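Before reading on, please look over the sequence and the model together. The paragraphs that follow go from helix packing to the domains and then to the contact between the chains.

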Amino acid sequence: MGGKEISLGEIRQRNTRKVAALFLTPIAILLAVYIVYPIIDTFITSTYQWNGISAAKKFIGIGNWKTLLADSNFWIAFRNNVVIMVLSICIQMPIGLALATFLDFGGKKLTIFKVIWFIPLLMSSVAIGFLFTYALATNGGLVSTVSSWFGGGNIDLLGNPKTALLTVVVVMCWQFTPFYMVYFMAAFTNIPYDVFEAARIDGATRGQYFWKIAFPLLVPSIKSAAILSMVGSLKYFDLVYVMTGGGPGTSTELMATYMYKQSFSTFNMGYGSAIAGGMFILISMVSLITMKILNRNEEA
Amino acid sequence: MENYRRNKRKSRIYWVIASLLAVLYLIISVMPFVFMVLNSFKEKFEMLTKGVFNLPDSLNFANYTEVLTGGFGRYFFNSVVVLGISLVLLLFISACASYPLARFKFKMAGPIYAGIVACMSIPIHITLIPVFKMSRATGLYDSIWALIGPYIAFAVPISVFILTSFMKEIPREIEESAEIDGCGKIQMFFSIILPLAKPGLATLAIYNGVNMWNEFSFAYTLTQSSENRTLPLAIWEFQGQYSMNTPMIMSVLTLTLLPMIIMFIIFQDKLVKGMTAGAVKG
């Protein structure tokens, strides 16, 4: 009897594994074809000098990687990504949190604010890029018009290397702040109403409630929002590609725009692959390190 | 009491300041849209001669009719086809994958799940050149069919992440009683788990739907001729044609935003929740 039971359990276990394998086959094929294989292929292509179309492919070993390490444009692009990352976190998250707090305190009657604040998030990055390119145009744009009311001349924010990156960041913040607003609103609804009531009965003002009670409860959400924002900023592409194409000069160049232009505009696909590989390594490192740091704090 | 009153007055002042800032942010949010819609009704030179903030001379729909007859429908149709097929396949594949990961006990479940979720942080740019090569080799290049594979592949990790945690919430008793009735594991998926996972699938549809509808990088790289491009690229194409005609571009932008606004009005809170679904604490 006993022996039979064990084999029955074994049969069941084997059956479970079989069904699991069946259900996991489609995703395995999909990820193998569109993610795993391309990553390997990118590293292989990065060892060639190749324009992507012709059959003439020259193996140059780590030549592209040597060039990449010494390529100041790539490191400027990486620095710009980091600038965007830091500014995004410092601008979007506090404003998003402030908007969410305002809506949480104000209740239902402020729904109209929520609806309008949300709209930028509905628009595609490409459309936003075009909209702001025209809105910031030197002649007849929004900023120039406002400046001329006050007697100022035309202002070319995107054409000036000193202001271009900052302008792009402001547009990104305009687009993504509503995301953090909605995100923090969800976090607020996770705080039980009793907590708020108890604090009010004990005589806490709204400000005290926010800083002493709500904020500490929101810290985990703020942390995961920061991770999202960091990884997102390092991958950034659409908006910048549309608005400036990385220019003027290299002032708004990002890793992704640099990779794209090298691969598909100047058809230097071997080197483009090396940039993509470098980007992949840097992003993996940054996300691993931040997750380690944030998790360690949680345990402490 | 004195103290209480002072606190109350102070808090009211803060609230007024907060409200003023809120209105300021409202203006910041809405100003670009006002600029867009207002100017989309103007004639080509009206904007330059009269300034950007003036109301248009008349409600001039000429730009809109020109855009709508100039191939806009084609981009819209392409986007709908790509979105429809990708979403159906995506939901099916992620439901299939989430089912064993959420409901079965087997050794590899943990590592497989971790592997799929790790794909979430992979930048699409590392796959751009190989996918471009593949689509040329298979003859899919420059057709909307080239987009479906990458769209699903990059949406699948986060979908499995969300759906697995959703399926874990389904109480075990339902499954057990079905098992006693002789329901096999495959039948269980189709007749019990899948119907119960519908709310989770709806969230995924919204979240991924918005992303796919607005996707740019793959669409820009894998298609070339304008009759095979999707809506985000319509702006690009029209800009090539009418680069100096700002009002025309503004009407294109308004038209691309319109479907999303309509969806937003219909689904409101569902859409808001769905769009932040990817941000559930990890």
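A crossing is called left-handed if the near helix is turned anticlockwise from the far one by less than a right angle, and right-handed if clockwise. What is shown is a predicted model, in which local features need pLDDT of at least 70 and side-chain atom pairs count only at pLDDT 80 or more, while totals for chains, interfaces and linings use all residues. Residues are numbered from 1 along each chain as its sequence is written, and chains are lettered from A and ligands numbered from 1 in the order in which they are written.

In chain B, α3(B) passes α12(B), residues 246–267, in a right-handed crossing; helices here (H or I, at least four residues) are DSSP runs, numbered from the N terminus. The two pack at an angle of about 70°, with their axes 9 Å apart, where axes are lines fitted to C-alpha atoms over the stretch in contact and angles run from 0 to 180 degrees between N-to-C directions. α3(B) and α12(B) are therefore roughly perpendicular to each other, given that angles under 35 degrees count as roughly parallel, over 145 as roughly antiparallel, 65 to 115 as roughly perpendicular and the rest as oblique. On the α3(B) side the contact is formed by B:Asn63, B:Tyr64, B:Val67 and B:Phe72, which meet B:Pro247, B:Met248, B:Ser251, B:Val252 and B:Leu255 of α12(B); two residues are in contact if their C-beta atoms, placed from the backbone, lie within 7 Å. By class, this contact has seven nonpolar, two polar and no charged residues (Ala, Val, Leu, Ile, Met, Phe, Trp, Tyr, Cys and Pro count as nonpolar, Asp, Glu, Lys and Arg as charged, and the others, Gly among them, as polar).

Helix α3 of chain B, residues 62–103, also packs with helix α6 of chain B, residues 145–168, at an angle of about 40° and with the axes 7 Å apart, which makes α3(B) oblique to α6(B). The crossing of α3(B) and α6(B) is right-handed, and the residues of their contact comprise 19 nonpolar, five polar and two charged.

Turning to the domains, whose bounds come from an automatic or database domain assignment, chain B has domain 1 (2–40) and domain 2 (62–279), with C-alpha centres 36 Å apart. Their contact takes four residues from domain 1 of chain B and seven residues from domain 2 of chain B.

Between the chains, the contact takes 70 residues from chain A and 66 residues from chain B. Helix α1 of chain A, residues 2–45, gives the most to the side of chain A that touches chain B, with 18 residues.
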